[in-house]
Amino acid sequence: MEWFTTFPTMDNERLTALKKAIDEGFRNFTRAYGESFEIAFEPLKIFMIWVERLMTTTPWPIILVGILAIAWLASRSLKIVVGAALALFAIGYFGMWDDTMKTIAMIVVATLTALVIGIPLGVVMSFSKRMRSVVMPILDVMQTMPSFVYLIPVVMLLGIGKVPGLIAVVIYALPPVIRLTDLGIRLVDRDVIEAADAYGSSRWQRLANVQLPLALPTIMAGVNQTIMMALSMVVVASMIGVQGLGQPVLKAIANQYFTLGVFNGFAIVGIAIIFDRVSQEFGRRLQKHREIVHGH
Amino acid sequence: MGTRIDGIKLRHVYKIFGSEPAAYVERVKAGMTKTELLAHNHVLGLRDISMDIPGGAIQVVMGLSGSGKSTLIRHINRLIEPTAGEVLVDDVAVVKMTPTELREFRRTRTAMVFQKFGLLPHWTVLDNTMFGLKVRGTAPAERRDTAMRWIERVGLKGFEEKYPNQLSGGMQQRVGLARALANDAPILLMDEAFSALDPLIRVDMQTVLLDLQTEIRKTIVFITHDLDEALRLGDHIAILRDGALVQKGTAQDIVMTPADDYVASFVKEVNRGRVILVESVMTAIGAGLVASDSLPRVAAKDPIELASKVMSDAGAGQAVACCEAGRPVGMVTMRDVINTMTTPAAYPSIARLAAAEPIADVA
Ligand SMILES: Nc1ncnc2c1ncn2[C@@H]1O[C@H](COP(=O)(O)OP(=O)(O)OP(=O)(O)O)[C@@H](O)[C@H]1O
Ligand SMILES: [Mg+2]
């Protein structure tokens, strides 16, 4: 009756052997291909460094004006622009400007990378049921797997630094934009698609003229979520060498610096709110212009 | 682009909606009804439709809601694939076209107006009207000129830069119409194309269509619920019921000899005087009979409403139907005309009154 009280397990020796074999396999893989991966990600690294340098070496008034201008162009809301200005002033005044710029650089690059990968993937998914049945479970795993777990293979493969951190952030932030691109395209009014087909649109014409523009508000919601998820990874990513607001927080945890932690936490909240409001308002403006109101 | 086509032929077209349509075709062919099929979670869209639409004609399709009109019209440009049967345009099987051929066919040979408009909400009226031309790859300047001409013709000049959701339903429908006409395709598929228009604009648009037909004879398939519209536009009328074709013929055929009660109830309200022609109620003149010169004259192809007007103006009880090679072809009486014009079934109360109640003297 022993099997009834304790779960029957693989015997210890074999289990250890199995784990060892997998570890060994992956280590061999990283030894063999780690370098090629690094080379493959080199352009991303160059881009990342370029953006970061741009954000940190440009004089603060120019950056401030630039951010506020983007916020205004996207949202056309004075309230949001004033709010953003106040938040950025506070961040700068409390001495967190440089770290904030590094974090913003990381978020921008991570988000752009996620969009470049995610939107085409979402489009392909919306076209094919089979593709969706393959990608959906992968997305579920990506979203529910504790982020620390996939730091391990990333670090083994690429070591510690900007790029591995960025990749971890991208993996974590990718699912919403894929999901919502797919959803947005599938939700496009069938009647409009039918009209596009009836006039002989090719698949590409249908996508460019009808599906993507009409899915845009939904895709924007995905972009918004992706930005938010990337921001929520700031602290975790700082564990593997991403600079920015995450590192002071880590330090605060280790040394119990209450104020340092809270200040940097609020700085993250501040830029999260700016990103969120601006991108949401942008999405809403797209929708307003394009919503379908047949007839009356 | 406006080259004529020889005609559209449908051959034993069946359409069943559902997860496994092919499995039910044989049973439907053997006589399974729409209701029986519904019990198997499949919907019968079309049942054994065969019809010839001659090139250059306006074919009207009528039928109650859900009778399969939209399904039928979508088979012509293969927006819907038939479960069985063939669709031939100029004897080319539409169903067998490759994707490239089908695209080319849709771009250059057909244009469609949709019941639900199908406008691109993020494009202006002008851009929407140019849609077909853009897809086809017409030069931008030419696109614009053509689109502007049609926008003006459907009465939307001044609204070019508006978005569809800034227009009324009837205006949106006219954008759909302009988009189709700008394509200048030989086949026009019009699914309740005028349903959202007010009566005045509706007649206006019917005139646009009829004018167009005298210039370039397109082959038009026109779905409508409005019998008067059908009669005004249609050389040929087909009536659908539960996905099956119950009658096809000229307007006159359908009004004079409805195939069954369903068709009869359809044509009950029509103004018969305008549909039925003198030739179908006159008595042909035999060799010996010579028509009197004093009688009023009507043409054999005149509607009987006109004949009754001519007779009553002349104070005559009959008229001479004129003329073939200078000879009268028949005689028509007021009595025949009125009998044909009124459908007795529509006024049972008149018959009762005359029979039952003696008329009291007026004091
Ligand atoms: N995609 C579809 N899936 C399932 N059933 C469908 C589909 N399209 C049409 N049908 C069914 O086919 C039948 C015919 O529909 P259709 O739209 O052709 O009718 P209609 O004559 O155009 O009606 P209306 O006058 O209301 O436009 C209906 O019973 C409808 O439920
Ligand atoms: Mg319909």
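The largest nonpolar core of this predicted model has 172 residues, and the members with the most contacts inside it are A:M106, B:I8, B:M190, B:F194, B:F222 and B:I237. Helix α6 of chain A, which spans residues 97-127, gives the most to this core, with twelve residues. In chain B, both domain 1 (52-273) and domain 2 (275-346) give residues to this core, so it lies between them.

**Nonpolar cores**

- B:I237, which is among the residues with the most contacts inside the largest core, is in contact with B:Q59, B:V60, B:M62, B:A230, B:L231, B:Q247, B:K248, B:G249, B:A251 and B:I254 when its neighbours within four places in sequence are left aside.

**Interface between chain A and chain B**

- Chain A brings 24 residues to the contact and chain B brings 30 residues, and the area buried between the two chains is about 2,300 Å², of which carbon and sulfur atoms give 58%.
- On the side of chain A, the residues A:E194, A:Y199 and A:N209 supply 32% of the area that this chain buries against chain B, which is more than any other three residues supply.
- Seven residue pairs are in polar contact between chain A and chain B, counting pairs with both residues at pLDDT 80 or more.
- The elements of chain A that give two or more residues to the side touching chain B are α10 (190-198), α11 (203-232) and α14 (258-290), and α10(A) gives the most, with seven residues.
- One salt bridge is found across the interface of chain A and chain B; B:R74 forms a salt bridge with A:E194, and the closest N and O atoms of this pair are 2.6 Å apart.

**Salt bridges within the chains**

- Over all chains the count comes to 23 salt bridges.
- Within chain A, A:E281 forms a salt bridge with A:R284, the closest N and O atoms being 3.0 Å apart; both residues lie in helix α14 of chain A, three residues apart, or about one turn of the helix.
- A:R284 is partly exposed, with a relative accessible area of 43%.
- Within chain B, B:R109 forms a salt bridge with B:D90, with the closest N and O atoms 3.2 Å apart.
- B:R109 lies in the loop between α4 (99-108) and β6 (110-113) of chain B, while B:D90 lies in the loop between β4 (84-89) and β5 (92-93), so this pair ties together parts that are 19 residues apart in sequence.
- Both partners count as partly exposed, B:R109 at 22% relative accessibility and B:D90 at 24%.
- B:R202 forms a salt bridge with B:D226, the closest N and O atoms being 3.9 Å apart.
- B:R202 lies in helix α9 (residues 199-215) of chain B and B:D226 in the loop between β8 (219-223) and α10 (227-233) of chain B, so the pair ties together parts that are 24 residues apart in sequence.
- B:R202 is buried, with a relative accessible area of 15%, whereas B:D226 counts as partly exposed at 27% relative accessibility.
- Salt bridges that share partners also join A:R132, A:D182 and A:R186 into one network.

Methods:
Residues are numbered from 1 along each chain as its sequence is written. Chains are lettered from A and ligands numbered from 1 in the order in which they are written. This is a predicted model: local features need pLDDT of at least 70, side-chain atom pairs count only at pLDDT 80 or more; totals for chains, interfaces and linings use all residues. Side-chain values use heavy atoms; hydrogens and water are left out. A nonpolar core is a set of buried Ala, Val, Leu, Ile, Met, Phe, Trp, Tyr and Cys residues joined through side-chain atoms within 4.5 Å. Buried means under 20% relative accessible area, exposed over 50%, partly exposed in between (1.4 Å probe, protein chains only). Helices (H or I, at least four residues) and strands (E, at least two) are DSSP runs, numbered from the N terminus. Domain bounds come from an automatic or database domain assignment. Contact means heavy atoms within 4.5 Å. Buried area is the accessible area (1.4 Å probe) that two parts lose on being put together, summed over both. A salt bridge is a side-chain nitrogen of Lys or Arg within 4 Å of a carboxyl oxygen of Asp or Glu. A polar contact is a pair of N or O atoms within 3.5 Å; within protein, one must be able to donate a hydrogen and the other to accept it, and residues adjacent in sequence count only if both atoms are side-chain atoms.
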